[in-house]
Structures are given as structure tokens and as C-alpha cells.
Amino acid sequence: MIWIAAAVVLVVLVVAGGVVSYNRFVSQRNLVQDSWRQVDVELHRRYDLVPGLLESVRTHEHGEGPVFAEVARRAEVAARGGGDLSVRAGREAALAEGLRRLFALADRHPALAGDEEFLNLQRQVAETEDRIAAGRRFYNANVRAYNTRVEALPSSLLAARCGFEKAEYFEVEEAQVRAAPAIDFGALGTPSQIPPGDQ
């Protein structure tokens with residue numbers, strides 16, 4: 001009787017542990033998805049700011065150089081979405097670089113320093129960039145915690161059996177993000193600077 005009772009208790013503990021572990025997987029997966037949605041909201045906010053920025057700079061630039069067309073194209077490509085997160089990260093990095101080039105161009109026009117609309121848009125873009133970076137860190141931290149459970153024993157056994165797969169990180173090339181913008185606007189639209197698959 002003692003052995004039967006012990007076996008029953010063991011089975012109950014294993015089942016209870018499995019249920020708790022399963023529910024934790026579900027909770028972590030939902031947290032990963034929710035944190036990605038926050039990043040996506042900020043990315044779309046940046047796309048929405050681009051047309052106003054271009055129009056504001058264009059009024060002082062007297063004409064459309066290659067920087068305008070390239071930033072507009074990069075924003076359009078990034079806004080399309082699709083592809084895995086590594087592809088999206090490349091598109092977002094390209095757009096961020098294009099915006100830095102646009103601001104470098106704007107710095108050459110003192111009239112923009114007094115343009116309230118441009119300064120407001122520039123501030124909004126900077127704030128959005130900060131929120132994107134913070135959201136990306138939060139998302140990647142949640143992905144790391146979730147993926148660790150997917151790979152580590154004994155939770156990996158339950159993950160494999162129940163179909164919990166590793167989530168993908170959203171990583172932007174830090175060197176590219178932190179690089180100072182080049183002022184060679186003639187080379188801005190060359191194929192070598194366009195992310196693969198976006199032409």
C-alpha cells in the first residue's frame with residue numbers, strides 16, 4: 001500500500017509540475033508576442049513621421065536630391081513588413097541610416113533651425129527611436145528567457161512534445177546604428193547600400 005500511495009503521489013507531482021511548466025511556457029510566449037507588438041507600434045509610428053519630415057526639409061532644399069527618394073523608398077520597404085525578423089532588422093537599420101542622412105542634409109540649412117514643424121518632427125523621430133531601442137531590448141530579454149526554457153532540461157522535453165519553438169531575436173547591427181552619417185549623397189542609392197532582397 002505504501003508503494004502504491006508513493007507512486008500515486010509521484011504521478012500527481014509529475015502531472016502538476018507538467019501543468020505548471022506548460023502554463024509558464026504559454027505565459028512567456030504571450031509576453032514575447034506582446035512585447036513585439038509594442039516594438040511594431042513604434043516602428044509604424046516612425047513610418048508615419050517620414051512623409052512630413054521629407055516635405056518639411058524639401059521646402060528648404062529647393063528640389064529633390066537622391067536623399068529624399070532614398071529615404072521614402074526605404075520607409076516604404078520597411079513598412080511592407082514580411083520576412084523574418086533578421087530581414088526586417090536590416091530594413092529598419094537601412095531606414096534609420098537614411099533618416100540620419102536626411103538630418104545631416106537638414107543641418108546644412110540654417111533656415112530649418114527656426115522651422116517649428118521640422119524641429120517638432122525631428123524631436124518626435126528621436127523620441128520614437130529611443131522607444132524602439134527600449135522596446136527592442138525588452139523584447140529580446142523576453143525572447144532570451146523563453147528560449148532558455150525551450151532549450152534547457154527538463155523543460156525542453158515538454159517544449160518539444162508540446163510544440164514550443166524558439167522565438168527569433170530582433171537585432172539591429174549596432175555598428176550601423178551608431179555610425180555617423182556619411183555625407184556622400186550621390187552614393188546613397190547605390191545597390192551596395194540597399195539591403196538584399198529589397199530592390
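Reader: Which residues in α3 meet which residues in α4?

Author: This is a predicted model, in which local features need pLDDT of at least 70, side-chain atom pairs count only at pLDDT 80 or more, and totals for chains, interfaces and linings use all residues. Residues are numbered from 1 along each chain as its sequence is written, and side-chain values use heavy atoms, with hydrogens and water left out. L85, A96, L99, F103 and A106 in α3 meet F118, Q122, V125, E129 and Y139 in α4, where contact means heavy atoms within 4.5 Å.

Reader: Why is α3 called roughly antiparallel to α4?

Author: The axes of α3 (residues 85-107) and α4 (residues 116-151) cross at roughly 155°. Angles under 35 degrees count as roughly parallel, over 145 as roughly antiparallel, 65 to 115 as roughly perpendicular and the rest as oblique, so α3 is roughly antiparallel to α4.

Reader: What makes α2 and α3 roughly antiparallel to each other?

Author: The axes of α2 (residues 66-79) and α3 come within 9 Å and cross at roughly 155°, and therefore this pair is also roughly antiparallel.

Reader: How do you know that the span of α4 agrees with its number of residues?

Author: The expected span of a helix is 1.5 Å times one less than its number of residues. The 36 residues of α4 should therefore span 52 Å, and its end C-alpha atoms are 52 Å apart, which agrees.

Methods
Axes are lines fitted to C-alpha atoms, for helices over the stretch in contact, and angles run from 0 to 180 degrees between N-to-C directions. Helices (H or I, at least four residues) and strands (E, at least two) are DSSP runs, numbered from the N terminus.
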